[in-house]
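The exercises below are meant for a reader who is meeting this structure for the first time. Please work through each task before turning to the solution that follows.

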Amino acid sequence: MTQVQELPRTFEEFNEQRKASFIRVKDFKQAGNRIVGYLCSYTPLEIIDAAGASSVALCGTSDEVIPEAERVLPANLCPLIKSTYGFAYSQKCPFTYFSDMIIGETTCDGKKKMFELLGELKPVHVLHLPQSRERAYEREGWREECRLLKERLEELYGITITDDDLREAARRRNRLRAAQLKMFELQAQQPPVMGGVELMSTMFAGTFNFDLENFTAQVEQKAADRQIAYEAGERPVGADAKRILITGCPVGGVINKIGRTIENNGGTVVCMDDCSGERTCRMMVDAEADDILGAIADRYLDINCSVMTPNDGRMDNTLAMCEKYHVDGVIESVLTACHTFNVESAKMQSAVEAAGIPYMKIETDYSAGDQGQIDTRIAAFIETL
């Protein structure tokens, strides 16, 4: 029977669990288990699951190793890219160190060139992502990319991945997505069921958990427990807290920097609209489709990311979430040198403000150098709501 563990309530608790998992990963690998690292929501995790491997997210979320990364990479590069490479280059991340293979993707120029350098340190397989979904050959090409990944994993582990393996993997992933979606949807209540840092830390915890079913059970249990406590009268968030939706780049490296600051200034994060947020959890795989590999490929290609052009679906989704979660304001977090999100932020601002919702963009990195400025800006923004 799966033992349900307690998920973190704060980012500090998340960091402690992350440290503990660093100790476990060596034992996990030495016990003969398979580990595959990945860096993007476009990575078709069902194919990794079907290979009997555990997937771990390797996106760097700290400025700790950026000075080492800058020995090789240019300084004026996205902090996520530099942090990811820095952890591999310095061998300070056991997830990277013990991964059998790392799966990259051509989402942006910086990442795809970084993968060439990363390939000198670890085996890397790069998925060639289309830049759009409008032309038939782009979907056909992406399905072929998924097939090539399946073959690469079969070759790596000396196995055969069957359609039944893929279907079972899809069912397990769909169950996790349903559990995560239930967690997100708790926040639609007024006031929300939990604080934003707890919500973000809970979701982020799944990126370093080797046991998919265990993490799914944790999320299901936490959602049930929070709802029961709420119905019993527990109100961790005040009714007057301003309801904020965070959109933009992945929030992993700025949970405290932006999320905590929102909470400290009279706001609360009711939803994350980044690539690991509610909008991707709603996307299920049709596990009963005749072409199961095609169904998996279609599910991932439909993710709305700023690397796609056009990408109007992202703005439409954000507006729908603003209504669903009774949002008072939108804060867009853009990592320095992330050109696709930075350029697209103009369209996001226009869409949000046209709907009568206040909007603010924060361009930042993983350092603490601009924390004071961010504190001031967020406090002023929330004060106006």
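**Exercise 1.** Does K29 count as buried, partly exposed or exposed? Determine also which residue K29 meets in a salt bridge.

*Solution.* The model is a predicted one, and the values below are computed from it. Begin with the accessibility of K29: buried means under 20% relative accessible area and exposed means over 50%, so K29, at 23% relative accessibility, counts as partly exposed. Next, look for the partner, which is D100, whose side chain meets that of K29 in a salt bridge with an N to O distance of 2.9 Å. D100 lies in the loop between α5 and β3 (101–105), while K29 belongs to helix α1 (residues 11–30), so the pair ties together parts that are 71 residues apart in sequence. Finally, apply the cut-off to D100, which is buried because its relative accessible area is 17%.

**Exercise 2.** Find how many salt bridges a search of the whole structure gives, and then examine the one between R139 and D298 and the one between K257 and D365.

*Solution.* The search of the whole structure finds 30 salt bridges. In one of them, the side chains of R139 and D298 meet at 3.3 Å, N to O. This pair links distant parts of the chain, since R139 is in helix α7 (residues 136–157) and D298 in helix α13, 159 residues apart. R139 is partly exposed at a relative accessible area of 28%, and D298 is partly exposed at 35%.

Now turn to K257 and D365, whose side chains meet in a salt bridge at 3.6 Å, N to O. K257 lies in helix α11 (residues 255–264) and D365 in the loop between β8 (359–364) and α16, so this pair ties together parts that are 108 residues apart in sequence. K257 counts as buried at 6% relative accessibility, whereas D365 counts as partly exposed at 26%.

**Exercise 3.** Describe how helix α9 and helix α10 are arranged, giving the angle at which their axes cross and the handedness of the crossing.

*Solution.* Two packed helices are described by the angle between their axes and the distance between the axes. The axes of α9 (residues 196–205) and α10 (residues 212–231) come within 10 Å and cross at roughly 160°. That makes α9 roughly antiparallel to α10, because an angle over 145 degrees counts as roughly antiparallel. The crossing of the two helices is left-handed.

Terms used: Residues numbered from 1 in each chain as written. Predicted model: local features only at pLDDT ≥ 70, side-chain atom pairs only at ≥ 80, totals over all residues. Heavy atoms only, no water. Axes fitted to C-alpha atoms, helices over the stretch in contact; angles between N-to-C directions. Helix = DSSP H or I, 4+ residues; strand = E, 2+ residues; numbered from the N terminus. Parallel < 35°, antiparallel > 145°, perpendicular 65-115°, else oblique. Left-handed = near helix turned anticlockwise from the far one by under 90°. Salt bridge = Lys/Arg side-chain N within 4 Å of Asp/Glu carboxyl O. Buried < 20%, exposed > 50% of the residue type's maximum accessible area, 1.4 Å probe, protein only.
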